[in-house]
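Dear colleague,

I am passing on the structure below, and after it I set out what was found in it. Please read the notes with the structure open beside them.

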Amino acid sequence: MDPMRRDEEYGLGGSSEIVDADKIGAEDDAFAIPPKNAPTERLRRWRQAALVLNAARRFRYTLDLKKENEKEEVRSKIRTHTQVIRAAFLFKEAGETPPPPDATGGKPVLQEGDFPIAVEKLMEINREHDLTALKEFGGVKGLSNILKSSTERGIVGDETDLLNRRNIFGANTYPQKKGKSFLVFVWEACQDLTLIILMVASVLSLVLGIKTEGLSEGWYDGGSIAFAVILVILVTAISDYKQSLQFQHLNEEKRNIHLEVIRGGRRIEVSIYDIVVGDILPLKIGDQVPADGILVSGLSLAIDESSMTGEAKIVHKDQKAPFLMSGCKVSDGYGTMLVTAVGINTEWGLLMANISEDNGEETPLQVRLNGLATLIGTVGLSVAVAVLVVLVSRYFTGHTKNPDGTIQFLKGQTSASAAFDGAVKILTIAVTIVVVAVPEGLPLAVTLTLAYSMRKMMADKALVRRLSACETMGSATTICSDKTGTLTLNQMTVVEALVGGMNSQSLDNCDTLSKSLVSLLIEGIAQNTTGNVFEPEDGGIVEVTGSPTEKAILSWGIKLGMKFDLVRKSSSILHAVPFNSEKKRGGVAINLADSTVHVHWKGAAELILAACTRWIGIDGSIQMLNPEKACLILLIPSTNIWLTSLIIQVDEFKKSIEIMAAKSLRCVAFAYKMYDHDRVPEVDKRGDWKLPEDELVMLAIVGIKDPCRPGVREAVTLCTSAGVKVRMVTGDNIETAKAIAMECGILDPTSALSESSIIEGREFRVLSESARQAIADKICVMGRSSPNDKLLLVQALRKKGHVVAVTGDGTNDAPALHEADIGLSMGIQGTEVAKESSDIIILDDNFASVVKVVRWGRSVYANIQKFIQFQLTVNIAALIINVVAAVSTGDVPLNAVQLLWVNLIMDTLGALALATEPPTNELMKRSPVGRREPLVTNIMWRNIIVQALYQVGILLIFNFAGKNILHLLKDDPAHAEKVKTTFVFNTFVFCQIFNEFNARKPNEMNIFSGVTKNYLFMGIIGITLILQVLIIEFLGKFTSTVRLNWKLWLVSIVIALVSWPLAVIGKLIPVPEIPLAVYFSSICCSRRSQ
């Protein structure tokens, strides 16, 4: 059944408003929080409602609300400090006249190693935005010379140079607070209330035992409890410490940004940690400024400084305001900067060094498990109190007997120390029942499986930024995917071109074209780009850098004979409009040597064509293109021949675009316009200059091939079979999108396509909100879409009840990534703004990796359910056995040490074994998990009840009639009693070991499928078996057990082995689809109504 429809039928979600769907049944439930951006009050509320025995451990991986407030205070102080310094400096500058400059620039230049400037001076210039001091050093060019760098070629960048700069100016890192040591985890594990009580009890038992029985025999009871508690503490601490190390590693990966830097005239990619003072960095829209620096050159460069100033204000950068602060984001334009301060010497480094990294983030599943743990714990606590009351009553009324039949307590005869010792043992048993009953490790099992999944997902090219995304991805019902780079390889080449009216395959040879046309085309390619071409002086291989589209066009330009550096130097850029995903085009105005101004545009072919009125022929002649204007000119000689011809020409251009698009080619057009030099605004007013976009002259249309990724069709098919619909949302031509969608399997070429399944962004955005919701489900492909169209689609789908995953790479995709249930940004082509707005970063930009994330998301949920099934079976069996035995005989078959061992198997070792199961293909054959689907499903309840009833029944039979069944009646009564209790304990442990196999596959008959591939599971089973043998055979003094003969070992194993065929039989029992809680409540309601 579809999970959304199922949720609606059970009253669990799927309403018209997605916010309400999250809130249905959740407002009154303290243990229900939204998957993203949960309010602080909701987070505080569930903490107060949880039954917690060890707050330090239980809340370790949740958000520290107090620390969050402290962080904000630190941020506020540093921001205030920044503003005060600047205000004071401006005030000082206004009241003073700067002294005349001397030969070195007017201010004393302090020597810093090999560089004639001090670190403090560099910091002061940037931190105080000291434009006067910058001018005294000769501006950015003079400062770059002082730093032994070049504004065009950057630093030399060899190992010696880099090491020298790091030694003098520092590295681009900041001091990070060390993670918790292992001893801290040991200390936190010790803070469990039940373990503290048990330690106190063990000390009392130790003192009383030594006093009454002497040191040689009296220390066993108390010492064994103490040893068991220490073992639990150590195993818990080791497990938690390993998780912590995994989270630290993942945090380091998240901070390690890769970016381009110019060194030796070449653009190379380096880690943000490798940036040094003197580096020249290219900046483009969406980048994070990686260090403090000064603008070298920029076009329409706008910076979002809200991360530093706290003000949501975009600041435009130019030569009047050239200072750039680390940690800020490029919101528009592009440019280059000179690095002047790195690491702790920047405002951002100072801020980050004062704010500790917090791994805390509660996930909805984690909080729901806290609710389940609280419910189970409350029942267990009640049972423990009942057992305590019964045992104390029976003990002090003389109804509790020793194994030999003698009464343990006789009023007036039993000594006070013996009575106290008996009471301590009873308290120890009751407290140990609480240890077993309260599943403290249940919420931490989520953290364990998330930590494991996150580490494995890194190998599958997915970096998780938010823990909650792992589990939410398992509920995803639709994926809105980009085309370029996600469904395709992002390896673009120009394979077809229409130039001068001549269509050819790539047109590598331009001999047939006029020089004027080729010159204009090369001029537009070289100047209207954010890419770069590096030609080695020794004549080596030419290196082309930039986005895949830019690289394809620049490579084509080189084939046409373009000399990139010469073309760039032959003219200067007056103003640029960076490529915009809303307008689908970018432009540049350039000033040639003869003061001629050309405005070049490049972008979506049909949009550029619509702005053109003329085109250049193969011979360089300019011909009319627009039919209406052609009519006006050509009606004068009273002939219609040319008019008809021109209309065909327009259709031919459109037809060429459609033909290229149908071949899955991305169509890009180039156009230009002559502009009057006198109309160019002054330098200080060019920021607001709107480049002319009309009456352009068409130069060329190229078709760029970007092949589908291998395996993407299979990945899409897998998603479809798993109940996850894949939709393509792309800025490309609708025909290109349609062709790629068919190639990828998103569209079926054999089935009839409705109008609403393929739609353009502009058509979708003009619809009313209700109309958008009505067709959102049907949309498979959206072409020529803007980021806002993607956002509208996400909102419409979520309001329909979908759990939406969205891929995005651009800065403008940030709202859609933030709005979606799961935002997936691209690691290669994605901007830093997109990455910060996302929940998961797809490191290889591959759609197949997105599908792997879906598998892991489902695996997280499935593994937690396996662990819950296993733990609840142990809980129910242990509680019922102890309660029944306590009420009927006044004693319990499982003592404190044995219960602690069972707790270790059930809690830490069980979580390690079951929460780290790798995902299987079976997971992708199920429907997505509903938003509010119960954690314990009907299938799980069936499995739990079958196994628990079997264990309780068989073990109670042996507890009451074991001596007779095991032929122990002729043995010494005390020894026979010990053999019986040892046998019951051994059988109980073996039942849990064998049931662990059953828990691996709650729905499948073959519980051994893939078991040999899970080495951790097999290892834990092996360790548990070995330790159990050691406990029975060699540690009897500590655990109050005796050695068993091989026959009793065999009987224990056979009894436990029965759980396997029993599980198969149990799976044949049908269960209702409706959750049990809903099923029983509906029965009650129907009876009341009758």
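In what follows, buried means under 20% relative accessible area, exposed means over 50%, and partly exposed lies in between, with a 1.4 Å probe and protein chains only. By that scale Tyr-241, at 27% relative accessibility, is partly exposed, whereas Phe-185, at 1%, is buried.

Please keep in mind that this is a predicted model, in which local features need pLDDT of at least 70 and side-chain atom pairs count only at pLDDT 80 or more, while totals for chains, interfaces and linings use all residues. Residues are numbered from 1 along each chain as its sequence is written, and side-chain values use heavy atoms, with hydrogens and water left out.

The search of the whole structure gives 17 aromatic pairs, where rings of Phe, Tyr and Trp (its six-membered ring) pair if their centres lie within 6.5 Å, and planes under 30 degrees apart count as stacked, over 60 as edge-to-face and the rest as tilted. In one of them, the ring centres of Phe-185 and Tyr-241 are 5.7 Å apart with planes at 65°, so this pair is edge-to-face.

Another edge-to-face pair joins Tyr-452 and Trp-856, at 6.1 Å centre to centre and 70° between the planes. Tyr-452 is buried, with a relative accessible area of 11%, and Trp-856 is buried too, at 6%.

Finally, the whole structure holds zero disulfides, a disulfide being a pair of cysteine sulfur atoms within 2.5 Å.

With kind regards
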